[in-house]
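The model is predicted.

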Amino acid sequence: MALRKPKVIVTRKLPDAVETRMRELFDTELNLDDTPMDVETLAAALARAEVLACTITDRLDGDLIARAGPQLKLIANFGVGVDHIDVTAANARGIVVTNTPGVLTEDTADLTMGLILAAARRVVEGANIVQAGDFHGWTPTWMLGRRLSGKRLGIVGMGRIGQALAKRARAFGLAVHYHNRKPVGARIAEELEATYWESLDQMLARTDVISVNCPHTPATYHLLSARRLKLLQPHALVINTARGEIIDEAALAGMLQRGEIAGAGLDVYEHEPAINPKLLKLPNVVLLPHMSSATIEGRIEMGEKVIINIRTWMDGHRPPDRVIPSML
Ligand code: DGY
């Protein structure tokens, strides 16, 4: 007997291959023109769907989840971060939340390493000079950056992406330091020659490049607060490909403007897509538009994970990527 196809509403345009498969498997409503859904459109979707396939651009807070119909059983997020979803409120209404971990680890780590290089070696500044027609020949003292080899990288959050970054950083000659709720296992620590800091304050004061790679949760909101940012050394670089809310962006922008730290490479922002206007004017920052996981391969694999989570739920099993609030 053919399985009944559940009503799945997809909130944003996904890669064609993913959408086609979803149409084959489920009673799927697509968002072909990719208009972000406003609160009322999202509420209407929650009132009709059995599965909502959403993304980071959909803010599903407790109030909105309270408006879901009784038929809504699964929120299958296309993305790993779930800080835009009140998972506890969803679970309290019997709605399971899933995400797509693992498949964007390598892409995110690649671009994080790219931002470290770009910030240390002034890559974007140099490219802009050439494009503006302002390159008038080599000089010994112009466009000097900072060498990475031999420096210390402090990774805040040593999960999958933090560890993938650490492997890349080792290849560039950086010494790996990290702060995490718990130290990583002995084998991984040995392989990465990684130094664990229980105290984030102490690590910040001793490392040359800081990379934020932890999830955004109530516990990590403004983890890099104005007070903690002041602990950084003046030549330090701050890199963030996780979530903007983890850093006090106004404090960071002020310190960069006053030259109290050397530079930053940011892919995410506290009030995304708005960016602190001070940051936009600074030469010592590299700013990207939340694209660290943006590869076609990664997006297709994210879609495949969404499909597997929905299929497993349809079959009456626990979806492999169920989000458990206490594990965030
Ligand atoms: C993620 O998967 O969390 C990316 O930041 C996009 O949402």
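## Strand pairing and sheet order

Strand S6 (residues 152-156) is paired with strand S7 (residues 175-179) in the parallel sense, through 5 bridges. Within this pairing, Val 156 has His 179 of S7 as its bridge partner.

Both strands belong to an open sheet of 7 strands, in which the pairing is parallel and the order is S8-S7-S6-S9-S10-S11-S12. The edges are formed by strand S8 (195-196) and strand S12 (285-287); each has a single partner strand, so one side of each lacks a neighbour in the sheet.

## Ligand site

Which residues surround the ligand? They are Ile 56, Gly 79, Val 80, Gly 81, Leu 104, Arg 243 and His 290. By class, this shell consists of 3 nonpolar, 3 polar and 1 charged residues.

On the backbone side, an N or O atom of Val 80 lies 2.7 Å from a ligand oxygen atom, and a polar backbone atom of Gly 81 is 2.8 Å from an oxygen atom of the ligand. On the side-chain side, an N or O atom of Arg 243 is found 2.8 Å from an oxygen atom of the ligand. The ligand taken alone exposes 230 Å², and the protein buries 87% of that area.

## Enclosed cavity

Rolling a probe the size of a water molecule over the atoms shows where empty space is left. For this model, the count is 1 cavity of 30 Å³ or more. The largest cavity holds about 50 Å³ of space.

Its lining is made up of Asn 240, Gly 244, Ile 247, Glu 249, Leu 252, Leu 266, Val 268 and Tyr 269. These residues divide by class into 5 nonpolar, 2 polar and 1 charged.

## Second largest pocket

The second largest pocket has a volume of about 320 Å³. Its lining comprises 19 residues, and those nearest the centre of the pocket are Ala 119, Arg 122, Glu 125, Ala 262 and Asn 284. By class, the lining contains 11 nonpolar, 5 polar and 3 charged residues.

## Backbone features in loops

Most residues other than glycine have a negative phi, and most peptide bonds are trans.

Pro 273 is located in the loop that runs between strand S11 (263-266) and helix H12 (277-280).

Definitions and conventions
Residues numbered from 1 in each chain as written. Predicted model: local features only at pLDDT ≥ 70, side-chain atom pairs only at ≥ 80, totals over all residues. Heavy atoms only, no water. Near = heavy atom within 4 Å. Polar contact = N/O pair within 3.5 Å; in protein donor to acceptor, adjacent residues only side chain to side chain. Areas by Shrake-Rupley, 256 points an atom, 1.4 Å probe, with all protein chains shown as cover. Nonpolar A, V, L, I, M, F, W, Y, C, P; charged D, E, K, R; others polar. 1 Å grid on protein atoms, 1.4 Å probe; cavity = no way out; pocket = protein on both sides within 12 Å on 5 of 7 lines; lining within 4 Å. Points joined across faces, edges and corners; volume = space filled by probe spheres on them. Pairing = 2+ DSSP bridges. Helix = DSSP H or I, 4+ residues; strand = E, 2+ residues; numbered from the N terminus.
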